[in-house]
Amino acid sequence: MSRLEAKGLVIEVPGRDSGRPLDFAIEPGQLWGVLGPNGVGKTTLLHTLAGLKAPRLGEVLLDGTPLPRRRRKRLAQALGVVFQERQDGFPATVSETVLIGRHPFLSPWQQESAEDLRLTEAALARLELGDLATRLVSQLSGGERQRVAIATILTQAPAIWLADEPTNHLDLRHQVAVMELLAEQAGQGRAVLLCVHDLNLAARWCDHLLLLYPDGEACWGPADAMLVPEALERLYGQPLVSAQVNGSRVFVPAN
Ligand SMILES: Nc1ncnc2c1ncn2[C@@H]1O[C@H](COP(=O)(O)OP(=O)(O)OP(=O)(O)O)[C@@H](O)[C@H]1O
């Protein structure tokens, strides 16, 4: 299993002069949530951690080695990214798309193996996509497409998951199912980071939180220490009421 580390990391957000350098590591078995208002840089951070965007300062290390010094194939195998925005460049069915998760493990022109197909079948079943397997992705609903994206990463089975608002478009039952899936991945020793707007999902499932403020300030640490109502109110500029429900902290807008 692998660890992903941000070292003196300042992300490149247009128009922002500076920011607190980020120094944290997502260890195997941990589930991190990134919280912050719209436009604060959550997606930018996720893309920077994935090596898709250069940082302004500092570096990202995979198992102690800076991402630019890692082979692209190794990164493609180790890092699984659930993107917030997706484009259907080519017409492809649900099962063809989910099978793409195995491509980092294939040589050019190599045929997918029976094991690759088995992993795809299992991911389709896990995300309740079996009945949609032969449908074109371009013809699916928003929530169905979101589940296809997650199934693709499940098929990839990376050591590190980077998921940008993975519960977007999902109904309540599927939100819970996806958070359970991510917690299960962490429970199996993978490192998981997700950007999330729903404080209550974060409070229930994340063991670590990273709070990004619009002025470039940031704080991070174990979830219990981060779920301070005053800090969250300042984060969102929104008064909150918090309560304890079934052992979990719940937050609702105060007005
Ligand atoms: N290609 C781009 N060119 C210029 N500015 C950009 C570009 N991409 C993002 N930005 C800006 O960078 C800032 C951070 O964007 P980012 O998408 O990382 O925010 P976010 O926290 O993920 O927001 P949201 O919660 O709305 O998804 C925003 O102000 C955004 O407008």
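What covers the buried residues of α1 includes the strands in the table below. Here a residue is buried if 20 or more other C-beta atoms lie within 10 Å of its own, with C-beta atoms placed from the backbone. Helices (H or I, at least four residues) and strands (E, at least two) are DSSP runs, numbered from the N terminus.

| Strand | Residues |
|---|---|
| β1 | 4-10 |
| β3 | 31-35 |
| β4 | 57-62 |
| β7 | 160-164 |
| β8 | 191-195 |
| β9 | 208-212 |

This is a predicted model: local features need pLDDT of at least 70, side-chain atom pairs count only at pLDDT 80 or more, and totals for chains, interfaces and linings use all residues. Residues are numbered from 1 along each chain as its sequence is written.

Helix α1 spans residues 42-49, and six of its eight residues are buried. These are Lys 42, Leu 45, Leu 46, His 47, Thr 48 and Leu 49. Just after α1, Gly 51 has a positive phi of about 80 degrees.

Lys 42 is also among the residues around the ligand, together with Val 13, Pro 14, Gly 36, Asn 38, Gly 39, Val 40, Gly 41, Thr 43 and Thr 44 (C-beta atom, placed from the backbone, within 6 Å of the molecule).

Leu 49 is one of the residues with the most contacts inside the largest nonpolar core, which has 66 residues. Such a core is a set of buried Ala, Val, Leu, Ile, Met, Phe, Trp, Tyr and Cys residues joined through C-beta atoms within 7 Å. Helix α5 (residues 142-156) supplies the largest share of this core, six residues.

Notes: Buried ≥ 20, exposed ≤ 12 C-beta atoms within 10 Å, placed from the backbone. Contact = placed C-beta atoms within 7 Å.
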